[in-house]
Amino acid sequence: DLTIGVLALQGDVREHRAMLESCGVATTGVRRASELAGLDGIVLPGGESTTMYKLARHFDLFEPLRAAIADGLPAFGTCAGMIMLADHIESGIAGQETLGGLDVVVRRNAFGRQVDSFEAVVEFTPSWAEKFTYPATFIRAPYVEKVGDGVEVVASISGAGAGDRIVAVRQGRLLATSFHPEITGDTRIHELFVELVRS
Ligand code: GLN
């Protein structure tokens, strides 16, 4: 059956492992390149993308992980993990690179100071599953500013006067959300990823 790795450098590692295990999937923490072998997918957790980037470089994991995703390893990024998966970021720190794979532009810390964190009920319309609504928690969250042709917008929220903000996208077997489904106890978005991995 499936084994899904969770990038275990920083952030919501335990939370993601618990959610995936509730979906009936075996999990393993990934800190070094050798631990990528045999994975059916990988989760890039919420946390701090700049720290995750520096640690991935430090552990010589950045290039192997980038290559694995480019070679088709299914990946699911939440919040900081969404930033890691984006081909382009706005408001990154100097020198911050991403693993890439998703043809999107993501803006970090995009909702601004006054709304550092908030909850919103988000409507999910995945092409590969039934649609549903989900209680989403956003914490210094990014959003997707631009999507390329091959990218499916899975969810957006309407910002007060600011137009719609894209908060979940899929491209092939890469999935990303601006918010943190790992901290809700509601496994439906992890299940969406597991279905992509199985497909
Ligand atoms: N602002 C964080 C970053 O840039 C992401 C926040 C989060 O994952 N909760 O990585």
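Visitor: Is Ala-86 buried or exposed?
Guide: Ala-86 counts as buried because it has 29 C-beta neighbours inside 10 Å. A residue is buried with 20 or more other C-beta atoms within 10 Å of its own, exposed with 12 or fewer, and partly exposed in between. Ala-86 is in strand β5 (residues 86-90). Helices (H or I, at least four residues) and strands (E, at least two) are DSSP runs, numbered from the N terminus.

Visitor: Where does this model come from, and how are residues numbered?
Guide: This is a predicted model: local features need pLDDT of at least 70, side-chain atom pairs count only at pLDDT 80 or more, and totals for chains, interfaces and linings use all residues. Residues are numbered from 1 along each chain as its sequence is written.

Visitor: What's the mean pLDDT of the protein chain?
Guide: The mean is 95, and 96% of the residues reach 70 or more. pLDDT is the predictor's confidence in each residue, from 0 to 100. For the complex, the predictor gives an ipTM of 0.94 and a pTM of 0.96.

Visitor: Which residues surround the ligand?
Guide: Gly-46, Gly-47, Glu-48, Ser-49, Cys-79, Ala-80, Ile-83, Arg-108, Asn-109, Ile-139 and Arg-140 do. Each has its C-beta atom, placed from the backbone, within 6 Å of the ligand.

Visitor: And which residues does the UniProt "binding site" annotation cover?
Guide: That annotation, from an unreviewed entry, covers Gly-47, Glu-48, Ser-49, Arg-108, Ile-139 and Arg-140. They span 94 residues in sequence, yet no two of their C-alpha atoms are more than 12.8 Å apart, so they gather at one spot. UniProt positions are in the numbering used here, feature names are shortened, and annotations may be inferred rather than shown by experiment.

Visitor: Tell me about Ser-49. Buried or exposed?
Guide: Ser-49 is buried, with 28 other C-beta atoms within 10 Å. Its place is in helix α2 (residues 49-58). Not counting residues up to four places away in sequence, Ser-49 touches Ala-80, Ile-83, Met-84 and Arg-108.

Visitor: How about Arg-140, where is that?
Guide: Arg-140 is in the loop between β8 (132-139) and β9 (143-147). Arg-140 counts as partly exposed, with 17 C-beta neighbours inside 10 Å. Leaving aside neighbours within four places in sequence, Arg-140 is in contact with Asn-109, Asp-116 and Ser-117.

Visitor: Changing topic: which residues of helix α3 are buried?
Guide: In α3 (residues 62-70), the buried ones are Phe-62, Leu-65, Ala-68 and Ile-69. Seen down the axis of α3, they fall within an arc of 130°, so they line one face of the helix. That arc is taken from the directions from the helix axis to the C-beta atoms.

Visitor: What's on the other side of α3?
Guide: Glu-63 and Ala-70 are there, and they are exposed. As for the buried residues of α3, what covers them includes α2 and β4 (75-78).

Visitor: Last one: what's the phi of Cys-79?
Guide: Phi of Cys-79 is near 55°, a positive value in a residue other than glycine. Cys-79 lies in the loop between β4 and α4 (80-85), and counts as buried with 29 C-beta neighbours inside 10 Å.

Notes. Contact = placed C-beta atoms within 7 Å.
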